[in-house]
Amino acid sequence: QVQLVESGGGLVQPGGSLRLSCSASAFMLTYHAMGWWRQAPGKKREGVAFMSASDGWTYYSPSVKGRFTISKDRNKQMVHLQMDSVESEDAGVYYCASAFSDHPDPVESDFHYWGPGTQVTVSS
């Protein structure tokens, strides 16, 4: 049974940092691109950051490029999203997901397994 579980969400001040983590199987990390998505209240789910399984390719949405970093630790079977210089617009539920292909487009249909999400609240 495929299982993705996010952790690390919580309250962060504007300008602060937060690191999200996602536990995934070693098989998934080896053969599937992984991604982080987020959904703010009343908005569509947005692809935030993706990383390929094979060649180090990454994708960042323009809204987070230069502030967020996706990484993975195969030994610990984790995917991380380091969020720096957090802005109020970064608030929402963050989801970890695995993709069908190794260079997915930022569309939900390119992803097949999803975690339940973790809440990120931005407030001073």
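A salt bridge is a side-chain nitrogen of Lys or Arg within 4 Å of a carboxyl oxygen of Asp or Glu. I noted at the outset that this is a predicted model, in which local features need pLDDT of at least 70, side-chain atom pairs count only at pLDDT 80 or more, and totals for chains, interfaces and linings use all residues. Residues are numbered from 1 along each chain as its sequence is written, and side-chain values use heavy atoms, with hydrogens and water left out.

**Entry 1: the salt bridges**

I looked up the salt bridges and found that the structure holds 5. Which residues are linked in a network of salt bridges? I recorded Arg38, Glu46, Arg67, Glu87 and Asp90 as its members.

**Entry 2: Arg38 and Asp90**

I found the side chains of Arg38 and Asp90 joined by a salt bridge of 2.8 Å, N to O. Arg38 lies in strand E4 (residues 34-39) and Asp90 in the loop between strand E8 (78-83) and strand E9 (92-99), so this pair ties together parts 52 residues apart in sequence. Strands (E, at least two residues) are DSSP runs, numbered from the N terminus. I then checked accessibility, where buried means under 20% relative accessible area, exposed over 50%, and partly exposed in between (1.4 Å probe, protein chains only). Arg38 is buried at 7%, and Asp90 is buried at 0%.

**Entry 3: Arg67 and Glu87**

I noted a salt bridge between Arg67 and Glu87, with the closest N and O atoms 3.7 Å apart. The pair links distant parts of the chain, as Arg67 is in the loop between strand E6 (58-60) and strand E7 (68-73) and Glu87 is in the loop between E8 and E9, 20 residues apart. Is Arg67 buried or exposed? I found Arg67 to be buried, at 11% relative accessibility, whereas Glu87 is partly exposed at 35%.

**Entry 4: Glu108 and Arg45**

I found a further salt bridge, of 3.0 Å (N to O), between the side chains of Glu108 and Arg45. Glu108 lies in the loop between E9 and strand E10 (111-114) and Arg45 in the loop between E4 and strand E5 (46-51), so the pair ties together parts 63 residues apart in sequence.

**Entry 5: strand E5**

I turned to E5, where 5 of the 6 residues are buried. Two strands pair if DSSP finds at least two bridges between them. E4 and E5 run antiparallel, joined by 5 bridges, and Trp37 stands opposite Gly47 in E5. E5 and E6 also run antiparallel, joined by 3 bridges, and Ala49 stands opposite Tyr60 in E6.

Terms used:
Helix = DSSP H or I, 4+ residues; strand = E, 2+ residues; numbered from the N terminus.
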